[in-house]
Amino acid sequence: LRRREINVLLSTSVVEEGVDVDACSFVIVLDDLKTTKAYIQMKGRARQLNARFFVLENMHVTAQAPPLTLGDANETEKKVSKFIGSRQVSDVASSSNASQSVAQVVP
């Protein structure tokens, strides 16, 4: 990947964090979403302009429900973005209760 000889990376969830991967143009998640943090980290891999991000979910009626659905993850991401956008940088820096405020947005 670093030498640009290969442009496809197949991986497990190990690349969610701690592994330096260039911005990808196409990300497909095959595993169930476990947490909002994992979702955001995986989605963050699709940083190239016009990048695409897909999550494949098992929708069969007998399948066990995933810990986090794509809809739930998207909704939480919107709430966090709205919260961050509504705050002034100086408010967050001076607030001793910033982490408690975030905890109220993301249960």
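This is a predicted model: local features need pLDDT of at least 70, side-chain atom pairs count only at pLDDT 80 or more; totals for chains, interfaces and linings use all residues.

Biologist: How is the pair of F26 and F54 classed, stacked, tilted or edge-to-face?
Modeller: F26 belongs to strand β1 (residues 26–29) and F54 to strand β2 (residues 52–55), so that the pair links parts of the chain 28 residues apart. The ring centres are 5.3 Å apart, which is within the 6.5 Å required of a pair. Because planes under 30 degrees apart count as stacked and those over 60 as edge-to-face, the 45° between the planes of F26 and F54 makes this pair tilted.

Biologist: And how is the pair of Y39 and F53 classed, stacked, tilted or edge-to-face?
Modeller: Y39 lies in helix α1 (residues 36–43) and F53 in strand β2, so this pair ties together parts that are 14 residues apart in sequence. With the ring centres 5.9 Å apart and the planes at 75°, over the limit of 60 degrees, the pair is edge-to-face.

Biologist: Are F26 and F54 buried, partly exposed or exposed?
Modeller: Y39 is buried, as is F53, and buried means under 20% relative accessible area, while exposed means over 50%. The relative accessible area is 48% for F26 and 31% for F54, values in between these limits, so F26 and F54 are each partly exposed.

Terms used: Residues are numbered from 1 along each chain as its sequence is written. Side-chain values use heavy atoms; hydrogens and water are left out. Rings of Phe, Tyr and Trp (its six-membered ring) pair if their centres lie within 6.5 Å; planes under 30 degrees apart count as stacked, over 60 as edge-to-face and the rest as tilted. Helices (H or I, at least four residues) and strands (E, at least two) are DSSP runs, numbered from the N terminus. Buried means under 20% relative accessible area, exposed over 50%, partly exposed in between (1.4 Å probe, protein chains only).
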